[in-house]
Amino acid sequence: MRPTTLFLFVDAFVARAEVRWRGRQPEVVACRRQERGAGGVADRLAALLAEEPCRGTAVVFSDDVFLQTLELPQRAIAGLSAHDLRQALALEAQAQSGLGGDVATTSHRPRDDRAFLVAQCSRGELAAWAENLERSGGRLLAVRHPAALPLPLAEVANGRWVRHEEWGGLRAIVRGRGQHGGRVR
């Protein structure tokens, strides 16, 4: 099977990992980390691909993807088609992300019957990431936010956790143990 390349873009650094699959088990073949430097994700991705092309599928983890949990009233979403639900979530998310439905790519995953984990990024940025990978010989498989938590914080029993969020220049870093936020900056 062709390799999968994982790209991670966060404030301080970028990382690249080459993963090969043996059945259902991933095996990390190579992993590199470097300073993020100047420029957006598309520019940094192009620079990384100039150093070493991507020949398989790629997943991009970027803190430029805006991630939030939204709750909608049950009666407001009852009977909505998948398209209408996506539109309603994009409209609600716009208030926090500032990305309008006409320029944003929005994806969502249900957390329960009325709460959704919503990720948004600019369509232009997404297209640039895909184009850079295609020029290199690869294919964009998925885009994710690196701080996405698989469980609500209340369900994290005794483990330490760190959550990074950014809202139009305002950055919040929350560090905690278990259910209690230990420090917010």
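Leaving aside neighbours within four places in sequence, which residues is S62 in contact with?

1. The model is a predicted one. Leaving aside neighbours within four places in sequence, S62 is in contact with F9, V41, W129, R144, H145 and P146. S62 itself lies in strand 4. With a relative accessible area of 0%, S62 is buried, because the cut-off for that class is under 20%. A polar atom of the S62 side chain lies 2.9 Å from the backbone nitrogen of D64.

2. P146, one of the residues in contact with S62, has its place in the loop between strand 8 and strand 9 (160–167). P146 counts as partly exposed, at 32% relative accessibility. Not counting residues up to four places away in sequence, P146 touches L8, V10, F61, S62 and D63. From C-alpha to C-alpha, P146 and V60 are 9.1 Å apart in space, and they are 86 residues apart in sequence.

3. W129, also in contact with S62, is one of the buried residues of helix 4, together with A130, N132, L133 and S136. Seen down the axis of helix 4, the buried residues fall within an arc of 160 degrees, so they line one face of the helix. The face turned away from this buried side carries the exposed residues E134 and R135. The buried residues of helix 4 pack against strand 1 (4–9), helix 1 (41–51), strand 4 (57–62) and strand 8 (139–144).

4. On its geometry, helix 4 (residues 123–136) has 14 residues and reaches 20 Å from its first C-alpha to its last, close to the 20 Å expected at 1.5 Å a residue. At the start of helix 4, a side-chain oxygen of S122 reaches to within 3.2 Å of the backbone nitrogen of G124. Just after the helix, G137 takes a positive phi of about 105 degrees.

5. Helix 1 has V41, R44, L45, L48 and L49 as its buried residues. They fall within an arc of 135 degrees when seen down the axis of helix 1, so they line one face of the helix. D43 and A50 are exposed on the other side of helix 1. The packing partners of the buried residues of helix 1 are strand 1, strand 2, strand 3 (25–35), strand 4 and helix 4. V41 is also among the contacts of S62.

6. Is R16, an arginine, buried or exposed? R16 is found in strand 2 (residues 13–22) and counts as buried, at 3% relative accessibility. The R16 side chain reaches the backbone oxygen of L48 at 3.5 Å, and L48 is one of the buried residues of helix 1. Leaving aside neighbours within four places in sequence, the residues in contact with R16 include T5, L6, F7, A30, C31, R32, L48, L49 and E52.

7. Strand 6 (104–110), strand 7 (115–122) and strand 8 are the elements that give two or more residues to the lining.

Technical notes. Residues numbered from 1 in each chain as written. Predicted model: local features only at pLDDT ≥ 70, side-chain atom pairs only at ≥ 80, totals over all residues. Heavy atoms only, no water. Helix = DSSP H or I, 4+ residues; strand = E, 2+ residues; numbered from the N terminus. Expected span 1.5 Å × (residues − 1). Buried < 20%, exposed > 50% of the residue type's maximum accessible area, 1.4 Å probe, protein only. Arc of directions from axis to C-beta. Contact = heavy atoms within 4.5 Å. Polar contact = N/O pair within 3.5 Å; in protein donor to acceptor, adjacent residues only side chain to side chain.
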